[in-house]
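This briefing is meant for a reader who is meeting the structure for the first time.

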Amino acid sequence: MKVTLKPLAREEVAAFWQLAFRDPQAAWTQWNGPYFHDHVPTYAEFVTGPGHEDYANQPWRQVIWVDGQMVGMVFAYYDDAPLNRWLDVGIIIYDQHRWQRGIGRTTLSQWIDWLWTQTPLPHIGLTTWSGNQRMCHLAESLGLREEARVRQVRYWQGRYWDSVKYGVLREEWHKR
């Protein structure tokens with residue numbers, strides 16, 4: 001399995017929409033902060049409208065390619081913008097048939113490696129929720145530590161869940 005990360009090219013926008021947003025009820029939407037009820041853009045909004053501008057040619061959002069096939073996206077953002085001292089990362093594998101195959105582990109490891117080359121920051125974090133046990137396991141398997149748990153602040157499907165923050169220091173990452 002060859003995993004490659006690269007920014008979304010303008011000519012790939014339509015294919016990316018097909019992968020990510022064609023089905024507004026796709027399984028990934030139940031795990032990627034579903035309590036936010038984020039809007040899934042229509043084809044017109046994303047491809048012919050301004051929707052793709054936050055995705056195309058953005059180095060802090062990169063498409064995950066596995067053996068030459070587009071499968072997901074990684075991203076990084078500052079939790080404390082405009083101070084830009086608290087960096088968090090995320091990952092989405094859009095096709096549920098690709099889950100549990102090691103893609104997330106390989107990808108997130110590559111992504112964090114690359115981010116260390118782009119920033120002098122001592123810490124990189126990842127935030128998820130207690131209902132997303134696969135993401136919690138992924139973070140822990142890569143050596144990220146649970147650094148905070150804000151109890152019962154995410155409401156989803158009639159139940160409260162915890163917000164869980166993981167993180168790793170530069171020197172910890174390089175020693176692993």
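Does E12 count as buried or exposed? In this predicted model, E12 has a relative accessibility of 12%, and it therefore counts as buried, since the cut-off is under 20%. The partner of E12 in a salt bridge is K6, with 3.4 Å between the closest N and O atoms, and K6 counts as partly exposed because its relative accessibility is 34%.

**The sheet and its helices**

- An open sheet is formed by 7 strands, which follow the order β1-β2-β3-β4-β5-β7-β6 with mixed pairing.
- The edges of this sheet are β1 and β6 (145-156), each of which pairs on one side only, and neighbouring strands are turned against each other by 30° on average, direction ignored.
- Within the sheet, β4 and β5 pair in the parallel sense over 3 bridges, and L87 stands opposite I124 in β5.
- Helix α1, which covers residues 13-20, lies across β2 and β3 and runs at about 90° to β3.
- Helix α4 also packs on the sheet, where it touches β4, β5 and β7, and its direction makes about 160° with that of β5.

**The nonpolar cores**

- In soluble globular proteins, nonpolar side chains tend to be buried together.
- The largest nonpolar core of this model has 30 residues, and those with the most contacts inside it are I64, V89, L108, W111, L126 and L144.
- Elements that each supply at least two residues of this core include β2 (61-66), β4 (87-93), β5 (123-129) and α4 (133-141), while the largest share, 6 residues, comes from α3.
- Another core lies apart from this one and has 20 residues, among them A20, W28, V47 and M73.

**Salt bridges**

- A search of the whole structure finds 5 salt bridges, one of which is the pair of K6 and E12 described above.
- E172 and R145 form a salt bridge in which the closest N and O atoms are 3.3 Å apart, and this pair links distant parts of the chain, with E172 in helix α5 (residues 170-175) and R145 in strand β6, 27 residues apart.
- E172 counts as partly exposed at 22% relative accessibility, whereas R145 is exposed, with a relative accessible area of 54%.
- E146 forms a salt bridge with R149, the closest N and O atoms being 3.0 Å apart, and salt bridges with shared partners join E146, R149 and D162 into one network.
- E146 is partly exposed at 39% relative accessibility, and R149 is partly exposed with a relative accessible area of 38%.

How values were computed:
Residues are numbered from 1 along each chain as its sequence is written. This is a predicted model: local features need pLDDT of at least 70, side-chain atom pairs count only at pLDDT 80 or more; totals for chains, interfaces and linings use all residues. Side-chain values use heavy atoms; hydrogens and water are left out. A nonpolar core is a set of buried Ala, Val, Leu, Ile, Met, Phe, Trp, Tyr and Cys residues joined through side-chain atoms within 4.5 Å. Buried means under 20% relative accessible area, exposed over 50%, partly exposed in between (1.4 Å probe, protein chains only). Helices (H or I, at least four residues) and strands (E, at least two) are DSSP runs, numbered from the N terminus. Two strands pair if DSSP finds at least two bridges between them. Axes are lines fitted to C-alpha atoms, for helices over the stretch in contact, and angles run from 0 to 180 degrees between N-to-C directions. Contact means heavy atoms within 4.5 Å. A salt bridge is a side-chain nitrogen of Lys or Arg within 4 Å of a carboxyl oxygen of Asp or Glu.
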